Amino acid sequence: MNWQAIRAIYVFEMSRFFRTLLQSFVSPVISTSLYFVVFGAAIGSRIDQVEGVSYGAFIVPGLIMLSVMTQAISNASFGIYFPKFIGTIYELLSAPINFLEIVLGYVGAAATKALFIGIVILGTSALFVDLSIQHPLAMLSFLVLTCVSFALFGFIIGIWAGNFEQLQLIPLLVVTPLVFLGGSFYSISMLPPVWQTISFFNPVVYLVSGFRWSFFGLADVPIGLSLLAIGGFTLLCLAIIWLIFKTGWRIRA
Amino acid sequence: MSMVQINNVRKAYQDGFEALKGASLEIHEGEILALLGPNGAGKTTLISTICGITQPTSGKITVGGHDVVSDYRGARSLVGLVPQEINLEPFERVMNTVRFSRGLFGKPKDDALLERILRQLSLWDKRDNRIMELSGGMKRRVLIAKALAHEPRVLFLDEPTAGVDVELRRDMWKIVAGLKEAGVTIILTTHYIEEAEAIADRIGVINKGEILLVEEKTALMTRLGQKELRIELQDPVETLPAVLAARGLRIEEDGQVLVYCYDTAQDRTGIATLVRKVSDAGLVLRDLQTRQNSLEDIFVGLVSKQEDAA
């Protein structure tokens, strides 16, 4: 293992994050606050409680998931797409490193950033609502796993993308709808039966549900199924990335 | 001793274009080899294949005895690459990006070494500048610094002076000479013949994916070197006397000049006899001039010969 290389990529990527700390830190705080004002205060005052949890607190796990997923994807996809775009990828390809080391560096950094933002949002939420976390360890594991798996997914998008438009395409057209329809702001049981059935085909439902369980002990789907979903998704992404590097698809001419 | 061995390397792209058609080449340790070729000859593809940016379709390449495919870690850690395009992150700072390169090649942090490299390239004062604040020439130096950051044994410079002004080109040559002194093997591609002539020990000519020849620069120039003798006459002639025409002379500049081509490698160049015959024919000499064929003439000759054959 070329640990120096992993470290170099990780440090380099993180320095980009710290260079834009204001954007990295302030923007999630502001958007979270806005969500609380709109959903928590305005709408939440009419919903009151969902399955015994105040609506303001109920949306916290979904809100964190929403940001963590989009941040992990955008950080990782940009991280690997940018060198491709400006041509510095030549250095990665000519360095004595293998795909695992490249992935560990880029995905590690993207996941760290997403985790950081997730924790910032959690902290901001605590300012607005009373939060209790029933299973802190499970909560943290879910958060980390989500950061990692969606950073892996973002890495694939970054390699696939041929231009900046494509880079935005999947997050915008696929991920955002899946997250919004994945029970971030409501319980699946609040939906009409048909939509409930459809919802169970949405992978994000399993993640949000599992994450919410770690907070309040209540879930739309069994926790084991949630774990299976996130584990399976991680493995799938890893397999795809392994294949990409093995074939050199979109990387090596 | 051979540093890089390239054996019958083919590279075909997906669209069927064959950029390398069985190229073979041996690069000696410590030499400067210039790869000369027109645009699209396969220079960059050859370098990319050695450095791991593309995979060869067939054939075998070793660097320092390490196969570039099966033992890519061993091979690549010996190699530094300065690409043709200025590929740099505009927002990064010079020192950071050089440090990144060293780490990427698995070397532990060594800022003292990086300082030496940056000083050698006159970049030390710019170490905290963002790349986008630098001039084009400075950016090229940053690329060299990045390539040198992991102390490579072999350095590939892909058209290091393309689009660079004369002064910077001379600077670049000095840098290359300095690296050679430090024991680094250097391969540079260029389509400036002048450049190959000025700094290379050996010259390889590549065209249409084939290496046409590789030879010591001086040997190449003598072997293929033709000399031209120009005889300026006092009074112009209209027709060449038969005895001179038989020796292959030709008339130029309205009969004012006679031109004779000869091979410097031959034992007898026939100049003495020729000059005698010119006076015997009743022509009065005003001046004599000889001109050595340049590498450019050799190069153009080789490439056009290949085109004729095709």
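This is a predicted model: local features need pLDDT of at least 70, side-chain atom pairs count only at pLDDT 80 or more; totals for chains, interfaces and linings use all residues.
View 1. R250(B) belongs to strand β12 (residues 250-252) of chain B and E228(B) to strand β11 (residues 226-233) of chain B, so the pair ties together parts that are 22 residues apart in sequence. Salt bridges that share partners join E228(B), R230(B), R250(B), E252(B), E253(B) and R291(B) into one network. E252(B) is partly exposed, because its relative accessible area of 23% falls between the limits of 20% for buried and 50% for exposed.

**View 2. A salt bridge between two helices of chain B.** The side chains of R99(B) and D111(B) meet in a salt bridge, the distance from N to O being 3.1 Å. R99(B) is in helix α3 (residues 94-104) of chain B and D111(B) is in helix α4 of chain B, so that the pair, twelve residues apart, links distant parts of the chain. Both partners are partly exposed, R99(B) with a relative accessibility of 31% and D111(B) with one of 27%. A search of the whole structure finds 23 salt bridges over all chains. As a general point, side chains of opposite charge can pair when their charged atoms come close.

**View 3. The contact between chain A and chain B.** Here 25 residues of chain A are in contact with 32 residues of chain B. The area buried between the two chains is about 2600 Å², and carbon and sulfur atoms give 58% of this area. On the side of chain A, the residues F12(A), Y90(A) and P96(A) supply 26% of the area that chain A buries against chain B, which is more than any other three residues. The count of salt bridges between chain A and chain B is four. A salt bridge is also formed by E92(B) with R19(A), where the closest N and O atoms are 2.8 Å apart.

**View 4. The largest nonpolar core.** This core has 159 residues, and among them F155(A) and F245(A) touch the most other members. Helix α3 (residues 55-86) of chain A gives the core its largest share, which amounts to 15 residues. When its neighbours within four places in sequence are left aside, F245(A) is in contact with F99(A), I102(A), V103(A), F155(A), I159(A) and I251(A). A second, separate core of 13 residues includes I231(B), V237(B), L249(B) and Y262(B). In soluble globular proteins, nonpolar side chains tend to be buried together.

View 5. The residues F18(A), L21(A), L22(A), F25(A), V26(A), I30(A), L34(A) and F116(A) make a nonpolar surface patch of about 740 Å². Helix α2 (residues 21-47) of chain A provides the largest share of this patch, six residues. V26(A), one of the residues of the patch, lies in helix α2 of chain A and is partly exposed, with a relative accessible area of 31%.

**View 6. V205(B) and its surroundings.** V205(B) is found in strand β9 (residues 202-207) of chain B, and at 2% relative accessibility it counts as buried. Apart from its neighbours within four places in sequence, V205(B) is in contact with L36(B), E210(B), I211(B), L212(B), L213(B), F299(B) and L302(B). V205(B) and V69(B) are 136 residues apart in sequence, and their C-alpha atoms are 25 Å apart in space.

**View 7. Two residues of chain B with positive phi.** S122(B) has a positive phi of about 55 degrees although it is not a glycine, and its place is in the loop between α4 (111-120) and α5 (136-148) of chain B. E159(B), also a residue other than glycine, has a positive phi near 45 degrees, and it lies in the loop between β7 (154-158) and α6 (166-181) of chain B. S122(B) counts as partly exposed at 46% relative accessibility, whereas E159(B) is buried, with a relative accessible area of 5%.

Key
Residues are numbered from 1 along each chain as its sequence is written. Chains are lettered from A and ligands numbered from 1 in the order in which they are written. Side-chain values use heavy atoms; hydrogens and water are left out. A nonpolar core is a set of buried Ala, Val, Leu, Ile, Met, Phe, Trp, Tyr and Cys residues joined through side-chain atoms within 4.5 Å. Buried means under 20% relative accessible area, exposed over 50%, partly exposed in between (1.4 Å probe, protein chains only). Helices (H or I, at least four residues) and strands (E, at least two) are DSSP runs, numbered from the N terminus. Contact means heavy atoms within 4.5 Å. Patches are made of residues with over 30% relative accessible area and no salt bridge: like charges are joined within 9 Å, nonpolar side chains (Val, Leu, Ile, Met, Phe, Trp, Tyr) within 5 Å. Accessible areas come from the Shrake-Rupley method with a 1.4 Å probe; for residues, only the protein chains shown count as cover. Buried area is the accessible area (1.4 Å probe) that two parts lose on being put together, summed over both.
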